[in-house]
Amino acid sequence: MNPYPPAPWHMHGSLWLSVFRLGRDVDAHHPAGTYGVALVSYEEPSPLTYHELLLARTVKNAAGKGAVTITDIWVDSPASQAGGRALWAIPKELCDFDLDTSFRGPITSTDWTATVERRPIVEASFTDVSRAAIRVPFTGLVEQPGIPEHPETADVVMKGTAKALPCRGRWTFAADGPLGFMREARQLGSFRMAGFRLAFD
């Protein structure tokens, strides 16, 4: 029996994302271009509850539509790791997270830390008023090259609704960590999706 639920996953939670411009080719998986770095908290009543850090770059899928490819991703749930790899070719690894959130009127302040074997990957902090936003629909496309657990390219559709607004975001990438090359990328903007409801299929 699989340790993860079957597709689609109907997820609930919040996402904090910043867009960056990487000015040079780092390696074959990280060419120059536009990237999104996101931290996500998946909460009840999601079929799995966990935290996530991901780096994704913008691409064109086989149909010529705008999409993203997730190049690096960590979660703190072995079930999510197994399901992401088997169902959608998402190369999830495991790490640990610390998350602290506080509220002052309509303002939410959030601090994140992600570490692997106590070595930092990122630290990030955000301030937003997204809880006061109106709920709006969104759609996203993901194209994932094959990996051993899912050799074929996976085309994923994300559809849902969220309370989304721009926010203030500050990132610190550990120089000796797996995302250290992002220290030279230029941050373009940030936003938060609060209380999202998402179908991932």
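This is a predicted model: local features need pLDDT of at least 70, side-chain atom pairs count only at pLDDT 80 or more; totals for chains, interfaces and linings use all residues.
**Notebook: salt bridges**

I started with Arg192 and Asp128, whose side chains meet in a salt bridge at 3.3 Å, N to O. By salt bridge I mean a side-chain nitrogen of Lys or Arg within 4 Å of a carboxyl oxygen of Asp or Glu. This pair links distant parts of the chain, with Arg192 in strand β12 and Asp128 in strand β8 (residues 119–128), 64 residues apart. Strands here are DSSP runs of E, at least two residues, and helices are runs of H or I, at least four, numbered from the N terminus.

Numbering runs from 1 along each chain as its sequence is written, and side-chain values use heavy atoms, with hydrogens and water left out.

Buried or exposed? I checked Asp128 and got buried, at 2% relative accessible area; Arg192 is buried too, at 7%. My cut-offs: buried is under 20% relative accessible area, exposed is over 50%, partly exposed is in between (1.4 Å probe, protein chains only).

Next I looked up Arg85, which forms a salt bridge with Glu149, closest N and O atoms 3.2 Å apart. Arg85 sits in helix α1 (residues 78–88) and Glu149 in the loop between β9 (135–144) and β10 (154–166). Arg85 is buried at 14%, while Glu149 is partly exposed at 40%. Glu93 joins these two in a network of salt bridges.
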